[in-house]
Each structure stands twice: as structure tokens, then as C-alpha cells.
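Hello,

Here is the structure I promised to pass on to you. Have a look at it first, and then read on for what turned up in it.

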Amino acid sequence: MAKQEKLFSSSDLPLVAVLRMTKGIKFEGTSQETEKKLIFYFSPAKKAEEVSQKFYNRELKVEPFDYFQTIKSLKSLIYSELNRYNAY
């Protein structure tokens, strides 16, 4: 049996955007926490945690336009996922 890799999770949209933009971090999917809140999952967890710490310590720099586009894309994903989850 294959060992399951631990995933990093977050619902913080600005952090999620940075993780989506970071090379070497893979978006693994979402799950619904509440009727209006999604959790995003990333791997590898260790690298995502390192980026998260740098993000909260204000040690990262991102290209503003790419960041804006990523936020827009994530908002669309959130809207469609919550509609899908809430349709059941």
C-alpha cells in the first residue's frame, strides 16, 4: 500500500494565491468546510508550509498583475465549487 502524502491546507485567499503561483507546489483540490467556505490543499506540505511562513513574515515578493489574476481565478473557482457543493 502506498504511503499517503500529507497535504498543506488553507482557506486564506491571499496565501492560497501565493501558493498557486509558487513553482514546485501542486494544487491538489478543495473541500467545503462550511456552506460559504472552501479549504484548499497543496503538496508537498513541507514546501507549502515554508512559503506560508515567509508569506506571514512578509518575506515574499510577487508580480502584482499575476497575483491579481490568480486572485480572480480563485474567486471564480470558489464560486463554482461552492455552487456545486451546495447543489447537493
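Three strands make up an open sheet in the order β1-β3-β2, with antiparallel pairing (strands are DSSP runs of E of at least two residues, helices runs of H or I of at least four, both numbered from the N terminus; two strands pair if DSSP finds at least two bridges between them). β1 (8–10) and β2 are the edge strands, each pairing on one side only. From one strand to the next, the twist averages 25°.

This is a predicted model, in which local features need pLDDT of at least 70 and side-chain atom pairs count only at pLDDT 80 or more, while totals for chains, interfaces and linings use all residues. Residues are numbered from 1 along each chain as its sequence is written, and side-chain values use heavy atoms, leaving out hydrogens and water.

Back to the strands: β2 (residues 26–34) and β3 (residues 37–43) run antiparallel and are joined by seven bridges. The two form a hairpin with two residues between them. Across this pair, Lys 26 stands opposite Ser 43, and Phe 27 opposite Phe 42.

Now the helices. Pro 14, Leu 15, Val 18 and Leu 19 in α1 meet Ala 48, Val 51, Ser 52, Phe 55 and Tyr 56 in α2 (contact means heavy atoms within 4.5 Å). Of the residues in this contact, eight are nonpolar, one is polar and none is charged (Ala, Val, Leu, Ile, Met, Phe, Trp, Tyr, Cys and Pro count as nonpolar, Asp, Glu, Lys and Arg as charged, the others, Gly among them, as polar).

Happy exploring!

Methods: Axes are lines fitted to C-alpha atoms, for helices over the stretch in contact, and angles run from 0 to 180 degrees between N-to-C directions.
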